[in-house]
Amino acid sequence: MSAEVRRVAVVGDCPLFRRGLAQVIESTADLALVPAAGSVEEVEGRLQPGDVVLVDLQLRPADLSAAVFRLAGRGAEVLVLCSPLQQDIGPPMEAGARGCLSRQAGELELLAAIRLVASGCGYVSAALAVRRWSEPQCRVTDRERQILELVANGETDHGIAERLGISEHTVHSHLDRLRDKIGSRRRADLTRFAVAHDIVTDT
């Protein structure tokens with residue numbers, strides 16, 4: 001049985017970049033390009049629920065969020081392309097984007113992100129996630145740094161409690177606060193946060 005072909009639309013206001021994205025999609029057997037256009041209005045009438053829409057629009061944050069909200073409201077799985085130096089991924093994600101991809105991503109990451117989003121998963125490029133976690137308001141205490149280091153080294157919650165001489169309940173409380181700070185519940189993201197803050201080295 002052949003793999004399901006996923007429909008992908010491209011919305012971008014840079015013709016050359018839009019064309020490049022379209023060519024990558026058209027060259028891939030399990031993806032089918034729907035429209036590639038310069039605005040949401042040009043593509044939304046051709047969308048079907050479950051279509052992936054790559055959004056590369058240089059708009060004010062509020063306008064970009066409005067575009068994402070509009071597409072997500074039509075049942076699209078929205079993947080926003082962002083500049084690691086200029087854009088905060090928070091607003092488009094809160095507006096309904098399934099993921100955010102760095103404009104510096106290569107072809108393999110682009111295709112992997114599209115397939116993940118098409119399957120209902122989320123995706124955020126590491127460069128974008130590191131920028132978000134590195135903002136000045138994201139502070140960790142000395143105890144949280146100790147716990148992050150142990151998490152990054154693969155220690156269990158029970159093991160962390162034993163190593164630090166604290167209760168497992170206390171470990172859970174620290175982890176909950178850390179997850180609130182980085183905006184993710186996944187243990188793997190705690191490790192990425194630790195690497196981004198030089199708490200551990202990426203080996």
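Which side chain meets that of Arg-74 in a salt bridge?

1. In this predicted model, the side chain of Arg-74 forms a salt bridge with that of Glu-44, at 3.1 Å from N to O. Arg-74 sits in the loop between H3 and strand S4 (77-82), while Glu-44 sits in the loop between H2 and S3, so the pair ties together parts that are 30 residues apart in sequence. Salt bridges with shared partners join Glu-41, Glu-44, Arg-70 and Arg-74 into one network.

2. Glu-44 also meets the side chain of Arg-70 in a salt bridge, with 2.5 Å between N and O. Because Glu-44 belongs to the loop between helix H2 (40-43) and strand S3 (52-56) and Arg-70 to helix H3 (residues 61-73), this pair links parts that are 26 residues apart in sequence. Glu-44 counts as buried at 10% relative accessibility, whereas Arg-70 is partly exposed at 36% and Arg-74 is partly exposed at 44%.

3. The search of the whole structure finds 12 salt bridges, and one of them pairs the side chains of Arg-6 and Glu-4 at 3.8 Å, N to O. Here Arg-6 is partly exposed, with 26% relative accessibility, and Glu-4 is exposed, with 56%.

4. A separate place to look is Asp-13, in the loop between strand S1 (6-12) and helix H1 (15-26), which is partly exposed with a relative accessible area of 35%. A polar atom of the Asp-13 side chain lies 2.9 Å from the backbone nitrogen of Gln-58. Leaving aside residues up to four places away in sequence, Asp-13 touches Arg-18, Gly-38, Asp-56, Leu-57 and Gln-58; Gly-38 is 25 residues from Asp-13 in sequence, yet their C-alpha atoms are 4.8 Å apart.

Note on methods
Residues are numbered from 1 along each chain as its sequence is written. This is a predicted model: local features need pLDDT of at least 70, side-chain atom pairs count only at pLDDT 80 or more; totals for chains, interfaces and linings use all residues. Side-chain values use heavy atoms; hydrogens and water are left out. Helices (H or I, at least four residues) and strands (E, at least two) are DSSP runs, numbered from the N terminus. Buried means under 20% relative accessible area, exposed over 50%, partly exposed in between (1.4 Å probe, protein chains only). Contact means heavy atoms within 4.5 Å. A polar contact is a pair of N or O atoms within 3.5 Å; within protein, one must be able to donate a hydrogen and the other to accept it, and residues adjacent in sequence count only if both atoms are side-chain atoms. A salt bridge is a side-chain nitrogen of Lys or Arg within 4 Å of a carboxyl oxygen of Asp or Glu.
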